[in-house]
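The sequence and the structure come first.

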Amino acid sequence: GLNFIDLMVRQGNIDNPPKTPLVPGFECSGIVEALGDSVKGFEIGDRVMAFVNYNAWAEVVCTPVEFVYKIPDDMSFSEAAAFPMNFVTAYMMLFEVANLREGMSVLVHSAGGGVGQAVAQLCSTIPNVTVFGTASSFKHEAIKDSVTHLFDRNADYVQEVKRISTEGVDIVLDCLCGENTGKGLSLLKPLGTYILYGSSNMVTGETKSFFSFAKSWWQVEKVNPIKLYEENKVIAGFSLLNLLFKQNRGGLIKGVMDKLLNLYNNKKIKPVVDSLWALEEVKEAMQRIHDRGNIGKLILDVEKAPTPLMANDSTETSEAGEEEEDHEGDNENKERMPFIQ
């Protein structure tokens, strides 16, 4: 699985980034090839999906058994690689942190992304939940049926939400950070919960920029505890990777995975896979996420051959091996993507 956190790792926009060289990736699916001496419950040949503390983008992956789960018979390997990070993150935020119940309302940013689509599907399992989503306008046609109200990510969504729901919303899920933090807090109803689970606005270009990082940081509204107390609002943060690998909550996550797989088997939820990529195409795949071009999850497939470049590709390679500059107006050429039919 390819996640936005992988872009943050690449740029060093995380606490204590690992030293290079390293193999990125935090989730995968595949077939069990070998077992530790004391491992029970799995056999060689089992189809599994797993969390990995780095090193997931590889042909062979090793991870502790507590992070491994069997794949349902009718789930494909690509769906399985798209499942753990997105759905566990969405479930934990909605039900463990924010206590989603019947009749509540949720605002989710990047509604077309992997977590956004998982949030929308899980909200649909609870009666009368209203979902407000923001996404790039070109995604609206594809995802309009998954949320109740959809807004352009560049529009004034605060006023749009208040026009529909004058009191605001019960839950805000923010993966953007920056100025959206203050906007999200302003939209919360009394006893509402704001959850920050990412900071994608701090990922800007090919390299880490101190100035862009600082700009995003200073746009964050500084939280006054007294104001939270007076307004009866809850502010929270969520990091699945820290929960798994630093805070040793693998047992809790296993219980959540059991519930999610039950929902999958009952046809209540289903991972949305945007596209499959060869390992050699990881640069282009990362660019697609960076540009917010994906609907659902991007998957790296170790068995897939690279897709040949088309003649009108905006990043054709010259004979010298250097990329030519993007041609103006070539944004439509992002469609050179190996989409799943």
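Which helices each supply at least two residues of the lining of the largest cavity? In this predicted model, the helices that do so are α3 (84–97) and α4 (114–123).

**The chain as a whole**

The protein chain has 12 helices and 11 strands, and buried residues make up 49% of its 341 residues. Among the contacts in the chain with a separation of 6 or more, 66% are accounted for by residues 24 or more positions apart.

**The cavity and a pocket**

The structure holds 1 cavity of 30 Å³ or more, and the volume of the largest cavity is about 50 Å³. Its lining is made up of A82, N86, F87, G114, Q117, A118, Q121, P271, V272 and K297, with α4 giving the most, namely 4 residues. By residue class, this lining divides into 5 nonpolar, 4 polar and 1 charged.

The second largest pocket contains about 1,000 Å³ of space and is lined by 37 residues, of which C28, S29, G30, I31 and E59 lie nearest its centre. At least two lining residues each come from β1 (27–31), β2 (47–51), α2 (77–81) and β11 (297–300), and β1 gives the most to this lining, with 5 residues. The lining of the pocket divides into 26 nonpolar, 6 polar and 5 charged residues.

**Aromatic rings and charges over rings**

How many aromatic pairs does the count come to? The count comes to 7 aromatic pairs. One of them joins F83 and F87, which are stacked at 4.9 Å centre to centre with 20° between the planes, and both of these residues are buried. F83 also pairs with Y264, and here the ring centres are 6.3 Å apart with the planes at 80°, so the pair is edge-to-face. Because F83 lies in the loop between α2 and α3 whereas Y264 lies in helix α11 (residues 250–265), this pair ties together parts that are 181 residues apart in sequence. Y264 is buried, as is F83, and ring pairs link F83, F87 and Y264 into a cluster.

| Charged residue | Ring | Distance of the charged end from the ring centre |
|---|---|---|
| R47 | F77 | 4.7 Å |
| K70 | F42 | 5.7 Å |

R47 and F77 fall within the residue ranges given for β2 (47–51) and α2 (77–81), two of the elements that each supply at least two residues to the lining of the second largest pocket.

**Helix α12**

Helix α12 spans residues 282–290, and its buried residues are A285, M286, R288, I289 and H290. What do the buried residues of α12 pack against? They pack against α1 (4–11), β10 (273–277) and β11; β11 is also among the elements that each supply at least two residues to the lining of the second largest pocket. The helix is followed by R292, whose phi is positive, near 55°.

Technical notes:
Residues are numbered from 1 along each chain as its sequence is written. This is a predicted model: local features need pLDDT of at least 70, side-chain atom pairs count only at pLDDT 80 or more; totals for chains, interfaces and linings use all residues. Side-chain values use heavy atoms; hydrogens and water are left out. On a 1 Å grid over the protein atoms alone, a cavity is a set of points where a 1.4 Å probe fits but cannot get out, and a pocket is an open set with protein on both sides within 12 Å along at least five of seven lines; lining residues have an atom within 4 Å of a point. Grid points are joined across faces, edges and corners, and a volume is the space filled by probe spheres set on the points. Ala, Val, Leu, Ile, Met, Phe, Trp, Tyr, Cys and Pro count as nonpolar, Asp, Glu, Lys and Arg as charged, and the others, Gly among them, as polar. Rings of Phe, Tyr and Trp (its six-membered ring) pair if their centres lie within 6.5 Å; planes under 30 degrees apart count as stacked, over 60 as edge-to-face and the rest as tilted. Buried means under 20% relative accessible area, exposed over 50%, partly exposed in between (1.4 Å probe, protein chains only). A charge sits over a ring if NZ of Lys or CZ of Arg is within 6 Å of the ring centre and within 35 degrees of the ring normal. Contact means heavy atoms within 4.5 Å.
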